[in-house]
Amino acid sequence: MRVVKELIQEEIRVSIFSWNNKYIIKFELGPMEQTFKLSETDVLEEKELDVFLTGNFFRKSKGAF
C-alpha cells in the first residue's frame, strides 16, 4: 500500500492510498472513519484526486460524521 497524500482539513484527517489498482480515500474524525474506493483507471493523474478533498463530496462526507 502506497500513501499518496495525507492532510487534515476542517478537523478531518484525510488519507489517500494506492493499493491493488485502486485509490482508497479515508476520512477520519476521532474514532469514526469512512472509506471510499476508486479504480485507478477512473483517474488520469493523481492531481485529479484533489476534487474529493473539496466541494460537494467533502461536505457530504463531513455531514455523515
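**Close-ups of a predicted model**

Phe-58 is buried, at 3% relative accessibility. This model is a predicted one, and the views below look at a few of its side chains.

**View A. Phe-58 and Phe-27 bring two parts of the chain together.** The ring centres of Phe-27 and Phe-58 sit 6.0 Å apart with their planes at 55°, so this counts as a tilted pair. The two residues come from distant parts of the chain: Phe-27 belongs to strand S3 (residues 22–29) and Phe-58 to helix H1 (residues 55–63), 31 residues apart. Phe-27 is buried too, with a relative accessible area of 0%.

View B. Across the whole structure, a search turns up 5 aromatic pairs. Phe-36 is partly exposed, at 27% relative accessible area.

View C. Look for Gln-9 in strand S1 (residues 2–9). Gln-9 has a relative accessibility of 19%, and because the cut-off for buried is under 20%, Gln-9 counts as buried. Setting aside neighbours within four places in sequence, Gln-9 is in contact with Leu-53, Thr-54 and Phe-58.

**View D. Ser-18 reaches Glu-40.** Here we are in strand S2 (residues 12–19), where Ser-18 lies. The side chains of Ser-18 and Glu-40 make a polar contact at 2.4 Å. Ser-18 is buried, at 11% relative accessibility. Beyond neighbours within four places in sequence, the contacts of Ser-18 are Met-1, Arg-2, Val-4, Tyr-23 and Glu-40.

Definitions and conventions: Residues are numbered from 1 along each chain as its sequence is written. This is a predicted model: local features need pLDDT of at least 70, side-chain atom pairs count only at pLDDT 80 or more; totals for chains, interfaces and linings use all residues. Side-chain values use heavy atoms; hydrogens and water are left out. Helices (H or I, at least four residues) and strands (E, at least two) are DSSP runs, numbered from the N terminus. Buried means under 20% relative accessible area, exposed over 50%, partly exposed in between (1.4 Å probe, protein chains only). Contact means heavy atoms within 4.5 Å. A polar contact is a pair of N or O atoms within 3.5 Å; within protein, one must be able to donate a hydrogen and the other to accept it, and residues adjacent in sequence count only if both atoms are side-chain atoms. Rings of Phe, Tyr and Trp (its six-membered ring) pair if their centres lie within 6.5 Å; planes under 30 degrees apart count as stacked, over 60 as edge-to-face and the rest as tilted.
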